[in-house]
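Subject: Handing over a structure

Hello,

Here is the structure I promised to pass on. Please open it alongside this email and follow along.

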Amino acid sequence: MFGLSRGQSFHRLQSKPSSSAGGEGLRHLPRPGASSTDSNTTSRLYFAFVLLLLTLTPRVDSSWWYIGALGARVICDNIPGLVNKQRQLCQKHPDIMQSIGEGAKEWIRECQHQFRHHRWNCSTLDRDHTVFGRVMLRSSREAAFVYAISSAGVVYAITRACSQGELKTCNCDPQRRGRNRDNSGDYDWGGCSDNINYGIKFAKAFVDAKEKKVRDARALMNLHNNRCGRMAVKRFMKLECKCHGVSGSCTLRTCWLAMSDFRKTGDYLRRKYNGAIQVTTNQDGTGFMVANKNFRKVNKNDLVYFENSPDYCLMDKAAGSLGTAGRVCNKSSRGTDGCEVMCCGRGYDTTRVKRITKCECKFKWCCAVECKDCEDTVDVHTCKSPKRAEWADQT
């Protein structure tokens, strides 16, 4: 969908209306000799069964994350899953929605980079309004990470667009004026400082709107992790300076605040994922308590989750797990990318493939680099499928 991941779409059962030769829908007529009482009883049982299915089947809500799949075709009324507040912001700030859509591709790419060597690899589903499918239904540490990095991605995209002059409602940080001082001495504010506070403010209003409307335990978890993501971007703001003076001496400096590369935010949130804390809500439902009393208390920078994660070894439609069959693994590694861990003990297949790489590169005056195409043979190891075919159809 985003051109980033080959997610496997789940099959959906769709009922197609039958039609007679006259074009009318198929009508259920009572059998000869059957009473109207029997027909009414059957109808009541049918509707009761449908109602039971709707009650017991979890619902996967659409998400604003889908904006990234729309690209330049962002039309507020056509984005599934937006609440009224989000739709109003979308209509009022179409230029910002464009930036959020571009940012969505970036944070999904970062998510997939961070988990590229893990059983769950942040796969997206093609043409699916939920983007990640049913895996986000569980209040797991993976959900905590996705909410955090998506919120961070919105802050980053909006702040960058402000500095590049792409938005009507913001530009460089207006507070960075006059003189200031750091460990190297005095300097003048100049250039274009990234307006991180505007990015955080808009991201909070837009992303948190849906959770504030629901206000249940999961919404409380999402709000907390959203905040962690927003503040992670601000944590890595850096001071950049340009020197002015004779022969490049730094007798005078002009400085500005700039965001670091988004990879730093991704690395930071990945570490927070590793140390995420399992929690329960307190008695009044306004905060968290650690699920294990032996753990330290939760602070505002911790990612939190309620439920343990599935092992993601097998395809499980109900859990949203795509399984690891066919995933590439590293035979010599003992980490999460190793064949033993990645393949969940099922073993792996080895395929010998030819690979062409650039080699013997030389600099040619002026100004090009010329390389030869070298061919070598490598072994590619992929996880075996489960032995029993029924595992692939778990529901």
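First, a definition: an axis is a line fitted to C-alpha atoms, for helices over the stretch in contact, and angles run from 0 to 180 degrees between N-to-C directions. Helices (H or I, at least four residues) and strands (E, at least two) are DSSP runs, numbered from the N terminus.

The model is predicted, so local features need pLDDT of at least 70 and side-chain atom pairs count only at pLDDT 80 or more, while totals for chains, interfaces and linings use all residues. Residues are numbered from 1 along each chain as its sequence is written, and side-chain values use heavy atoms, with hydrogens and water left out.

**Helices**

Start with helix 4 (residues 94-114) and helix 6 (residues 196-207). They pack at about 90 degrees, with their axes 13 Å apart. That angle makes helix 4 and helix 6 roughly perpendicular (under 35 degrees is roughly parallel, over 145 roughly antiparallel, 65 to 115 roughly perpendicular, the rest oblique). Helix 4 supplies I96, M97 and I100 to the contact, and helix 6 supplies Y198, F202 and F206 (contact means heavy atoms within 4.5 Å). By class, the contact has 6 nonpolar, no polar and no charged residues. Here Ala, Val, Leu, Ile, Met, Phe, Trp, Tyr, Cys and Pro count as nonpolar, Asp, Glu, Lys and Arg as charged, and the others, Gly among them, as polar.

Now turn to helix 5 (residues 141-163). Its axis and that of helix 4 come within 8 Å and cross at roughly 135 degrees. Helix 4 is therefore oblique to helix 5. Residues in this contact include I96, I100 and W107 of helix 4, and F145, G153 and R160 of helix 5. The contact of helix 4 with helix 5 divides into 12 nonpolar, 5 polar and 3 charged residues.

**Strands**

Two strands pair if DSSP finds at least two bridges between them. Strand 1 (residues 179-182) and strand 2 (residues 185-189) run antiparallel, joined by 4 bridges. A hairpin of 2 residues links strand 1 to strand 2. N180 stands opposite Y187 in strand 2.

Strand 2 also pairs with strand 4 (residues 252-259), in the parallel sense, over 2 bridges. There, W189 stands opposite C255.

Further along, an open sheet of 3 strands has the order 10-12-11, with antiparallel pairing. Strand 10 (328-329) and strand 11 (348-364) are the edge strands, each pairing on one side only. Strand 10 is joined to strand 12 (residues 368-383) by 2 bridges.

Best wishes
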